[in-house]
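Okay, thanks for coming, everyone. Let me put the model up and we'll walk through it together.

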Amino acid sequence: MKYYEEVKETEDKRPCAGLREDLKACLLATDCVRIHRKTPRECLITNDPSVPEECFALRTTFFECKRSLLDTRQRFRGRKGY
């Protein structure tokens with residue numbers, strides 16, 4: 001989902017699916033997951049130094065997107081994220 005010029009239709013129709021995909025790709029590319037063989041969740045919780053700030057920013061944006069699903073004002077403002 002990272003390359004928006006080549007937008008392909010994903011089978012995941014859930015809200016915030018694009019953010020979920022980008023966060024997953026970001027975490028799976030880190031040394032923490034590939035070399036140290038930790039789970040992506042462990043890497044985020046322990047604040048591993050090999051995880052770039054981009055992944056932490058994506059995690060925050062994904063959280064905000066999920067939280068906006070519960071916000072009743074979403075009807076007027078629209079869902080956060082993409």
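This is a predicted model: local features need pLDDT of at least 70, side-chain atom pairs count only at pLDDT 80 or more; totals for chains, interfaces and linings use all residues.

Residues are numbered from 1 along each chain as its sequence is written, and side-chain values use heavy atoms, with hydrogens and water left out.

So, how many disulfides are there? Taking a disulfide as a pair of cysteine sulfur atoms within 2.5 Å, the count is three. In sequence order, the bonded cysteines pair 1-6, 2-5, 3-4.

Start with Cys 16 and Cys 65, whose sulfurs sit 1.9 Å apart. Cys 16 is in the segment before H1 and Cys 65 is in helix H4, so this link ties together parts 49 residues apart in sequence. (Helices are DSSP runs of H or I, at least four residues, numbered from the N terminus.)

Next, Cys 26 is joined to Cys 55, S to S 1.8 Å. That one connects helix H1 with helix H4.

Now, the largest pocket. Its lining includes Arg 20, Leu 27, Arg 59 and Phe 62. Which helix gives the largest share of that lining? It's H1, with four residues. Helices H3 (40–45) and H4 (53–68) each supply at least two.

Terms used. On a 1 Å grid over the protein atoms alone, a cavity is a set of points where a 1.4 Å probe fits but cannot get out, and a pocket is an open set with protein on both sides within 12 Å along at least five of seven lines; lining residues have an atom within 4 Å of a point.
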